[in-house]
Amino acid sequence: MKNVIEVKNLTKKYKELKAVDNLSFEVKEGEILGLLGPNGSGKSTTINCLLSLLNFDGGDIKIFGKEMSPNAYDIKRKIGVVFQDVAVFEELSVYDNIDYFCGLYVTDKKTRKKYVEDAIKLVGLENFKKFYPKQLSGGLLRRLNIACGIAHKPKLIILDEPTVAVDPQSRNNILDGIKKLRKDGATIIYTTHYMEEVEILCDRVIILDKGSVIASGTNDELKKLSSTKEKIIVEVMDLDKNHIKEINTLKNVAQVTYKDNNLTIAYDKGKNNIVDLINYFKKEEITYNNIFVARPTLNDVFLELTGKELRD
């Protein structure tokens, strides 16, 4: 697959702060790339540099094999952007909003009409064409925002937190729509703080922190970076502090937590030690219900790499 985006040694400074620090990465044609990172990691700055909305201090950006610049309108026509903040016209209906944004790129009325109808169908707004934004729920409004950004059928789509604060039904609709866009040939950059969405959607993931890549690869490749290989989750009643302390001493146990009658044991060195745990329960005459074995999630890896402290 050829590269749709090539970023080499990108650097962006704000006075003494390096928001992006010698950043290099590629995005392959037809893939969904997850661009992840805690607040302040450089995600938004990187996206704004990609779109030539910000001047940068060093490095090169090529999109579709051409140098990106503020006046590269031939490139920008092939890009669709859906920012986290909803940006639609309150005085226009759902249909007219999508038609307006599509019309910025598609002048032929017959083609534009088809594209608008396709976008409406993609996000499931067929029954809301005549509604105005103020009449829409949060989930419907975000789906309208997506339709406005992708109606002109761009080859490259940048989606910045598209499912923030939406209901589960709207989230499923949005995720299904993103899969359809990729199936139709779009290349997608996807940013989110919902790691389960990344596991569902993304072919490859880049994790940024302090403006640099700290990890990249497929979901499975990133999970192998975790020092905690497996977890056991047990439904068990009335464990006391001594029980927790003794379980912590069992072979290969890395961490033990107990909350809401769920005992979670994280293991290191590759394998759990479920036999010792069951024997301990028998010895102490502890009654338990279900035992689940879980592999590390992308969220586990993300927190391990970027830390658990709060970010502004």
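**Helices and rings**

In helix 3, Val94, Asn97, Ile98 and Phe101 meet Leu144, Ala147 and Cys148 of helix 5, where contact means heavy atoms within 4.5 Å. By class, this contact of helix 3 with helix 5 has six nonpolar residues, one polar and no charged ones, with Ala, Val, Leu, Ile, Met, Phe, Trp, Tyr, Cys and Pro counted as nonpolar, Asp, Glu, Lys and Arg as charged, and the others, Gly among them, as polar.

The model is predicted, so local features need pLDDT of at least 70 and side-chain atom pairs count only at pLDDT 80 or more, while totals for chains, interfaces and linings use all residues. Residues are numbered from 1 along each chain as its sequence is written, and side-chain values use heavy atoms, with hydrogens and water left out.

The axes of helix 3 (residues 94-103) and helix 5 (residues 138-150) come within 7 Å and cross at roughly 30°. That makes helix 3 roughly parallel to helix 5, a term for angles under 35 degrees.

A search of the whole structure finds six aromatic pairs, in which ring centres of Phe, Tyr or Trp (its six-membered ring) lie within 6.5 Å. One of them joins tyrosine 100 and phenylalanine 101, whose rings are 5.4 Å apart centre to centre with 80° between the planes, an edge-to-face arrangement because the planes are over 60 degrees apart. Tyrosine 100 counts as partly exposed at 39% relative accessibility, that is, between the limits of under 20% for buried and over 50% for exposed. Phe89, Tyr100 and Phe101 form one aromatic cluster.

Key:
Axes are lines fitted to C-alpha atoms, for helices over the stretch in contact, and angles run from 0 to 180 degrees between N-to-C directions. Helices (H or I, at least four residues) and strands (E, at least two) are DSSP runs, numbered from the N terminus. Angles under 35 degrees count as roughly parallel, over 145 as roughly antiparallel, 65 to 115 as roughly perpendicular and the rest as oblique. Rings of Phe, Tyr and Trp (its six-membered ring) pair if their centres lie within 6.5 Å; planes under 30 degrees apart count as stacked, over 60 as edge-to-face and the rest as tilted. Buried means under 20% relative accessible area, exposed over 50%, partly exposed in between (1.4 Å probe, protein chains only).
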